[in-house]
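Please open the structure in a viewer and keep the selection tool at hand.

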Amino acid sequence: MIMASKYDGLSRIIIQNVGGKSNIAGLTHCVTRLRFKLKDESKAQTEILKETDGIVTVLQSGGQYMVVIGNHVPDVFASVVSVGHLESIAKGGADEDAEKGPKEKQNPFNAFVSIVTGVFTPCLAVLSACGILKGFLSLFSYFSWMDAAGGTYTLLYALADSFFYFMPVLLGFTAAKKFKLPEMEGIVIGLVMVYPTLTSSSLAAMETFKFAGIPIIMPAAGDYTSSVIPVICSVAFAAFLEKRIKKFIPDVIKTFVVPLITLGITIPLTFLVIGPIASGAAGLIGSLCTSIANVSNLLLGVFIGFFWQILVMFGLHWAMIPIAMTNVASIGYDVVLVGMFGTTFAQTGAVLAIWLKTKNKKLKSLAAPAFISGIAGVTEPAIYGITLPKKKPFFITCGVAGVAGAVLTTLGVKSYQMAGMGVFGYTAYIDSANNDISGMVISMVVSALALMAAFVLVYLTYKDDAPAKKETASSSASASAAGKAGTVESPVKGNVMALENVKDEVFSTGAMGKGIAVEPVEGKVYAPADGEITTFFPTGHAIGILTDTGAEILIHVGMDTVEMKGRGFTPKAKQGDRVKKGDLLLEFDMEKIKAEGHPVTTPIIITNTDDYADIIPTDASAVAVGNEILKLL
């Protein structure tokens with residue numbers, strides 16, 4: 001799964017307005033558009049999508065609901081899949097072929113964030129619910145509202161604590177989905193790690209714990225119950241191993257031999273190598289964060305408080321979750337996530353100020369539900385719908401959250417369990433072992449002050465945006481003339497067709513930009529200018545070129561040819577190549593394309609049309625490769 005991106009806000013809008021995740025039966029993409037297969041197209045809010053910034057238009061054809069994005073559609077597709085957790089249905093068609101194409105390189109940290117996001121996201125709702133219940137039980141016990149030795153408390157505590165105790169089993173399942181290992185194998189890996197005879201109470205009776213004569217070193221906590229990193233690493237290794245051994249096992253015995261070998265190798269290595277190394281590394285990371293807190297609690301609080309919302313926007317906040325969970329499991333408390341607790345309240349205060357002050361009816365209607373969800377700790381509606389677009393309120397909340405974080409960490413507040421967010425997070429600061437609720441009281445006071453501070457600062461500084469001034473014709477012409485003038489030569493040989501006659505609304509309406517179309521008489525595409533191939537769709541049907549003069553050219557061979565999944569297309573270059581005018585880029589089988597019911601009409605589009613004062617197509621009825629086809633002014 002690709003890491004979260006700047007298109008996550010747009011992705012949420014798209015998912016919501018195609019009828020929600022539950023209405024999506026399938027998703028692919030081509031070079032310009034997201035192609036949804038919806039269970040009920042009547043649930044889609046087409047007009048809202050058409051008016052959304054970042055969406056060119058929406059088309060409905062052939063049972064597909066197409067959201068036209070433009071050249072950056074692969075990035076938006078990846079974001080939609082990630083935000084909506086649509087990995088299980090976003091298969092086949094263009095996206096499956098895309099896996100064969102160039103993959104985005106990630107640095108180790110971004111790769112780690114991507115993994116953590118994929119593994120933890122399915123667990124968060126239940127994790128928060130169990131954390132909230134655990135916190136309330138601590139509160140009830142502290143005030144003697146419930147007997148900690150009684151059956152009611154014991155049963156409810158089993159419910160609250162079971163998620164945390166059996167964490168390796170649950171994460172084994174979600175990690176298996178992430179790494180494309182059969183889920184049952186991931187569960188078994190987790191089960192072995194919490195098997196009764198391998199827990200600390202059972203191992204304490206053994207003098208030594210060895211496998212084939214090799215001593216096994218258990219983690220500092222004594223066993224792997226409630227652990228996080230070891231099971232993720234073990235499942236990742238198992239997935240890596242299974243993918244390779246599958247090639248050598250005969251199909252007739254593959255069903256049971258593959259998991260036997262995978263688990264038979266993975267489990268011993270988990271206890272001998274993977275577990276000790278992962279536990280040690282996790283312990284070092286937790287100790288490092290704790291050490292920084294010991295040096296300067298104030299600095300830790302300021303940093304996490306100020307940057308938390310920014311980390312949330314890019315999905316980077318997930319990197320902090322395992323550290324906090326490891327700290328709670330190993331030392332009994334966490335200080336890393338304490339610094340972010342004021343964030344949700346600062347956001348809520350800002351939204352309340354805008355709600356009361358704005359005269360914009362649409363903004364008021366957005367602010368009410370955003371305020372309510374913010375109180376509960378869900379701030380995405382506030383961030384993406386209100387404060388971030390207004391910029392200043394967003395950074396005011398970052399500043400207030402940084403100050404709140406500094407106050408909390410400086411006063412020594414600690415989190416003793418993973419609880420909820422917003423008002424449901426107070427119970428995390430109850431130290432039930434010492435019957436101490438001072439942390440919870442401090443967190444209540446600081447969160448209230450954060451809400452009030454953000455409210456006052458935003459209320460005093462907020463102003464509704466002034467109506468945008470209409471651009472004059474002269475200024476528009478002046479701005480658009482910024483592009484470099486020049487010409488574009490025909491990349492194909494054939495008969496010229498006006499763009500408005502193309503049988504595809506995206507091209508005929510000029511939604512993707514101005515240009516021209518050619519009905520090819522030869523199945524070859526050549527470079528129309530010197531430049532770089534910025535996009536070469538894995539199916540071969542579409543090529544994007546950035547010329548040395550700044551023109552962005554899209555060559556799209558045929559209509560809906562993405563559905564051919566590469567059949568009949570033979571690329572002669574690849575994405576990222578530098579090309580010279582006249583270089584052969586692609587060969588395609590015109591008869592095969594026609595036989596599968598697709599026109600071979602090939603639009604040549606200038607996708608950065610707005611950079612030019614005008615784009616004039618040739619008046620010739622036919623062109624050869626190298627003939628001038630477009631004049632850019």
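Begin by selecting asparagine 435, which at 49% relative accessibility counts as partly exposed, a class lying between buried (under 20% relative accessible area) and exposed (over 50%), computed with a 1.4 Å probe on protein chains only. The place of asparagine 435 is in the loop between α18 (392-410) and α19 (438-461). Helices here are DSSP runs of H or I with at least four residues, strands are runs of E with at least two, and both are numbered from the N terminus. Phi of asparagine 435 is near 50°, a positive value in a residue other than glycine. Most residues other than glycine have a negative phi.

This is a predicted model, in which local features need pLDDT of at least 70 and side-chain atom pairs count only at pLDDT 80 or more, while totals for chains, interfaces and linings use all residues. Residues are numbered from 1 along each chain as its sequence is written, and side-chain values use heavy atoms, with hydrogens and water left out.

**The whole chain**

Now display the entire chain, whose secondary structure comes to 22 helices and 20 strands. Of its 633 residues, 50% count as buried.

**Histidine 85**

Select histidine 85 in the loop between α3 and α4 (93-98). Its phi is also positive, near 50°, and histidine 85 counts as partly exposed at 32% relative accessibility.

**Helices α1 and α3**

Next, select α1 (residues 8-17) and α3 (residues 73-84), which pack at an angle of about 70° with their axes 9 Å apart. That angle makes α1 roughly perpendicular to α3, a term for angles of 65 to 115 degrees. Axes are lines fitted to C-alpha atoms over the stretch in contact, and angles run from 0 to 180 degrees between N-to-C directions. Residues of α1 in this contact (heavy atoms within 4.5 Å) include Leu10, Ile14 and Ile15, and those of α3 include Val76, Val80 and Val83.

**Helices α8 and α9**

Move on to α8 and α9, whose axes come within 7 Å and cross at roughly 155°. The two helices are therefore roughly antiparallel to each other, the term for angles over 145 degrees. In α8, Pro168, Val169 and Phe173 are among the residues that meet α9, where Ile187, Gly190 and Leu191 are among the partners.

Leaving aside residues up to four places away in sequence, phenylalanine 271 touches Val192, Phe209, Ile217 and Tyr224, among others.

**Threonine 379**

Finally, select threonine 379, found in the loop between α16 (361-375) and α17 (380-390). Is threonine 379 buried or exposed? Threonine 379 is buried, with a relative accessible area of 9%. Beyond residues up to four places away in sequence, threonine 379 touches Thr344 and Gln347.

Methods: Parallel < 35°, antiparallel > 145°, perpendicular 65-115°, else oblique.
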